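Student: Could you walk me through this structure while I have it open?
Tutor: Gladly; ask as you go.
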Amino acid sequence: MAQSHVEHHWEYSYYPLILAAGIFFAVPLAFASMFQYENGLMAAIFAGIGVPLIVIGIAGWTAEGISDKQGQGYAVSGIPIFIVSEAMIFLCLFISYWMLRLSAPEWPPEGSPEIGVGLPIIMTFVLVASSFTYHFGEIKMEAEDGSGFIKWLIISMVLGTVFLLMTGYEYNHLLSQGFGWGTNAKSTAFYSITGFHASHVLVGLCIFLTVLIPAFAGNINQTFVKSAGIYWHFVDIVWFFVVSQIYLW
Amino acid sequence: MINRVLLLAAIVGIIVFGVLPVGAEDEVKRAFTDHTEEFHKVWVHLLWDIGIIGGIFLILSIYFMFAYRRKRDDQIGNGPKFTTMGMILGWALIPSFIFMADDFYLSAQGWKLWIDQRTVPENAMEVEVTGQMWGWEFEYENGAISDNDEGLVVPEGRPVVLRMKSDDVVHSFFIPRYRIKEDLMPGRVTYLWFYPKDKGEHVFTCTEFCGTNHSEMWGKVKVVSQEEFDEWSEKNKG
Amino acid sequence: MIKEWLFTTDHKRVGILYLVGSLAAFAVAGIVALLIRWELTGIGETIGGVGPDDYNFWLYFHGAAMILAFLIPGLTGFLANYLVPLMIGAHDVAFPRVNAFSVWLFWFAIVIALLSFVIPDPPDIMWTGYPPYSSEFSPGNTAFYVFTVHLIGFSSILGAVNFLCTVIYMRAPGMKWNQLNFFVWTILGAFVIQLIFVPVLASSVTLLLTDKYFGTAFFVPANGGDVLLYQNLFWFYSHPAVYVILLPAVGVMMEIISNMSKNPIFNYKAAVYGGVWGVVVLGSDVWVHHLYTSGLADWIRIGMMVTTLIISIPIGLLIISLVGTLFRGSIKYSTGMLYATSNLFLILVGGLTGIPLAMTSLTLHLAETYFVMAHFHFIMGIMATFAVFAGIYHWFPKMTGRMYSEKLGVIGFVLNFVGVNLTFWPLFYIGFLGMPRRYYDYAMFPEFEPFQVMATVGAIVVAVSMALNFYNWIVSAIFGEKAPENPWGSNSLEWTHCQSPPGPGNFPKLPKVSSKWHPHEYKPQVIEWV
Ligand code: HEA
Ligand code: HEA
Ligand code: CUA
Ligand SMILES: [Cu+2]
């Protein structure tokens, strides 16, 4: 791996610290104020400090990262390593689900409504389609066709959003039947796994957004786009397991 | 060279895997023994075992540490060079098999004892134990009830099996004298057994962290004669 | 100046930030340990006004801070950050900004842990946090525990991605895998474990959070949950985590022992491929040995007894290499070397006392007693901690460009070694006699009082020696005399190819290593530059 010449000054960046501080205020402090001490005002204050810091941190960091062409080459290798970790989280959730399910005297436990399989199958098509459209975007990018890339990226984002809306619709439907998170073991497993997956879709969409905005200005960072793509395909693959374990089994 | 090393390794491996299971064979259908005595035996074996292993490594290191001190400032070490595959594998596989043999020896010992510890004798007296924050309740076959102040009263010379559950959090029931403990938790029933053969009082305690008064959850196992026990259990009925 | 430290992305400065944070955590958690010891010297309430709830919070803090905020960041944060890029001849890590982000996540986790001293209802659930106590019954702030784990966990995962990429892609031109420093191998092993298992820990504590605050039913048997699920997930991470500590600790020992006896590592390849990777592979299927008395099925306890015992094989290979490296060496003792060699004793005591614990039938008696507590203090609280100190002393001239006071160092070492032995041997003994862990009071065992007193005296001796060490580090870093360029005559790139302390970018030019070069070889060798 060639590293070009050495700069003789100390490197620095403001954004890691800002982002970490933002997370510190917005997550642990706000959460504990809200749920442990039941003090909504404190929670709002902490969230109010934390969320802007997070936004500044992410925006600044991506701006720096996208304009910095050097040293980014490893990202495409880093993402798959990171994904190993993500995969383990999903595995854990599935193991918990299996343990709950297989040790239960009856399944589904009392109080679980019928969960239809029609919607999840449509959702599968939507998500798979978005993986393909993103891939087309990458092909355009390699052909140096900026506007083609933007077009396919927007299509992928629309598909991802549709997926999330469908999840929302389904949740709404189930909740209205009194099937809440704590109702029984099945609901706990159901909402945790599908919810955790949906949060990954959401994160994916946010990453796409940070690709899209500079892309309008003609600034497309290849490794960034590829890394985002790998992540998106991973989220897609996990969905197959969600469907087969939660909906079809 | 490399072939010879591999052959040697294979032979050691076969011996180790082949011989050990024979030892553990006839244990399954044993009648009950007082497993504390067996415990003591295994414990002493084990102390010798780890004592010898530790001793060898320790004596070697201390000897090296003194014998090979630097004499001249520019002196460098003259350690063995591992250039051939035979040497590398030999120094890896032979110790590995020796360690493995010892591991299997210890496993076999532990397994044997384990079977004693987990096989409840048929004539055992049942006591139901319930843990809650922060106390115990004992319920006997005849309906007698006791708690940690009163103690777990048992007759001498008859094995006792405890069927245990918890009302709230995880606790653990531990009698050091009989070398046993097991957790209690909501949603499951666990068991333990022991053989009280000497009269007297022995401490039992809770050994799973369960909140503020975790260290107050203790009492005495009171081993009494059969007559005293009968009298006591009549009195505590209902 | 402040900007270049606070916002730095340079791996050396990030490493120093890790060092400062983890030593701060160690000092606070150590002082808390002294309070714990003080409370235990007598039966009943020993420190006026201190009740069981204070004690439980202290113990929670001591355990969680020592493991999560001192040892893991000290070894895989500070030492890895400072040394790995230098040892492999790289300018920095693969993702410097991510690296800075990791260190700050870790710092904020420490802040959360310290905040527990001032908030109402601090967590009191011990570092293991078993439900249903933690998820239903504890009045304490379980959320803080969970988020401490989350922040440190996330920081570790990012560190893992970072270092795996760094070592895979950024080695100096010509550097083959078999030419890596041993420490680099152990860091790779440790980070592979972190990458795979930290997510398990993170998810298990998240389930605690949702159970406690959102009413889910993972650990509520009445609603179909299972309390043992958590214990399994928790130890599925936390056992491998002990090897995250053990491996780099052995790595540091190996570096120092090889360097100070000017001897190549005894059977390097067996130690790397059999020892390090053997531990990584085998370490993942032994977690049930923490659940021997939890009421799991008998067969799984027996199965894991065998796998646990087998861990002694790869660790045995590591020990053979450690001891063998002394053989026909040319040994010189520095403070770092004293810590490293005394570790040979400590790792044997700590490791071999793991063997009775590994045997289910003996653990039926030993589990959750002071025997366990003495076991892990020997191997982790002392051995791994000594490894961190050895590392600090050995690379002190590299980090500061100055020399520490060898005399103070040796005095500190002797006191430390005597103190820890005085503290923890009596605890083995009363542990075997049945003294349970996590006890604020031991009124049932009045006969143990003299042993507890002895342990407290030992702890005070340790504290004195720690104060000497801290004094030595701080004063020598500022006023120490200039250190020679390569005081230990090492052949590893961090000594031969950059100044002390290394400047930005580490190497004036990238070193290029030939196939004859080896970091653990002490014959004069030629190295080219790119
Ligand atoms: C750095 C940390 C570390 C390390 C490396 C180890 C290493 C080992 N540990 Fe330990 N352990 C802990 C930290 C550590 N442990 C902690 C923190 C706890 C308590 C957690 C809590 O409950 O809070 C614990 C608890 C613990 C338990 C649970 C006790 C209980 O709660 O009931 C067990 C049981 O098996 C155990 C076993 C072992 C074994 C077999 C090893 C082995 O890896 C040791 C292997 C080493 C050797 C064996 C010595 C060298 C080898 C040779 C010289 C070769 C020849 C030897 C033979 C053939 C025997 N440990
Ligand atoms: C790395 C890990 C580590 C380390 C180093 C230590 C170090 C020590 N530990 Fe700890 N310990 C644990 C990890 C560790 N421990 C864990 C995981 C538990 C289990 C918790 C649980 O049950 O959940 C535990 C539990 C535990 C108990 C059990 C209590 C109980 O079960 O009821 C006790 C009791 O004696 C104890 C004592 C000590 C002592 C005396 C030291 C001493 O070695 C400490 C010495 C250090 C100091 C005294 C610091 C002094 C520093 C200074 C003075 C510097 C001056 C400062 C400046 C200049 C800024 N520890
Ligand atoms: Cu009950 Cu501890
Ligand atoms: Cu373990």
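Student: Which residues form the negative surface patch?
Tutor: In this predicted model, the patch is formed by B:Glu128, B:Glu137, B:Glu139, B:Asp147, B:Asp149, B:Glu150 and B:Asp167. Patch residues have over 30% relative accessible area and no salt bridge, with like charges joined within 9 Å; the area uses a 1.4 Å probe, and a salt bridge is a Lys or Arg side-chain nitrogen within 4 Å of an Asp or Glu carboxyl oxygen.
Student: And where is B:Asp167 in chain B?
Tutor: B:Asp167 lies in the loop that runs between strand S5 (160–166) and strand S6 (171–175) of chain B, strands being DSSP runs of at least two residues and helices of at least four.
Student: Switching to the metals, what coordinates the copper ion (ligand 4)?
Tutor: The copper ion (ligand 4) is held by C:His239 (ND1), C:His289 (NE2) and C:His290 (NE2) at 1.8 to 2.1 Å, and these donor residues follow the spacing H-x49-H-H in sequence. Donors are N, O and S atoms within 2.8 Å of the metal (3.2 Å for Na, K and Ca).
Student: What about the iron atom of ligand 1, which donor does the protein give?
Tutor: The protein gives the iron atom of ligand 1 a single donor, C:His375 (NE2), 2.2 Å away, and C:His375 sits in helix H15 (residues 370–394) of chain C. The iron atom and the copper ion (ligand 4) are 4.4 Å apart.
Student: What is the mean pLDDT of chain C?
Tutor: Chain C has a mean pLDDT (the predictor's confidence per residue, from 0 to 100) of 91, with 99% of its residues at 70 or more. The model scores ipTM 0.89 and pTM 0.91.

Key:
Residues numbered from 1 in each chain as written. Chains lettered and ligands numbered in written order. Predicted model: local features only at pLDDT ≥ 70, side-chain atom pairs only at ≥ 80, totals over all residues. Heavy atoms only, no water. Patch = residues over 30% accessible without salt bridge, like charges linked within 9 Å, V, L, I, M, F, W, Y side chains within 5 Å. Lys, Arg positive; Asp, Glu negative; His and termini not counted. Charge placed at Lys NZ, Arg CZ, Asp CG, Glu CD.
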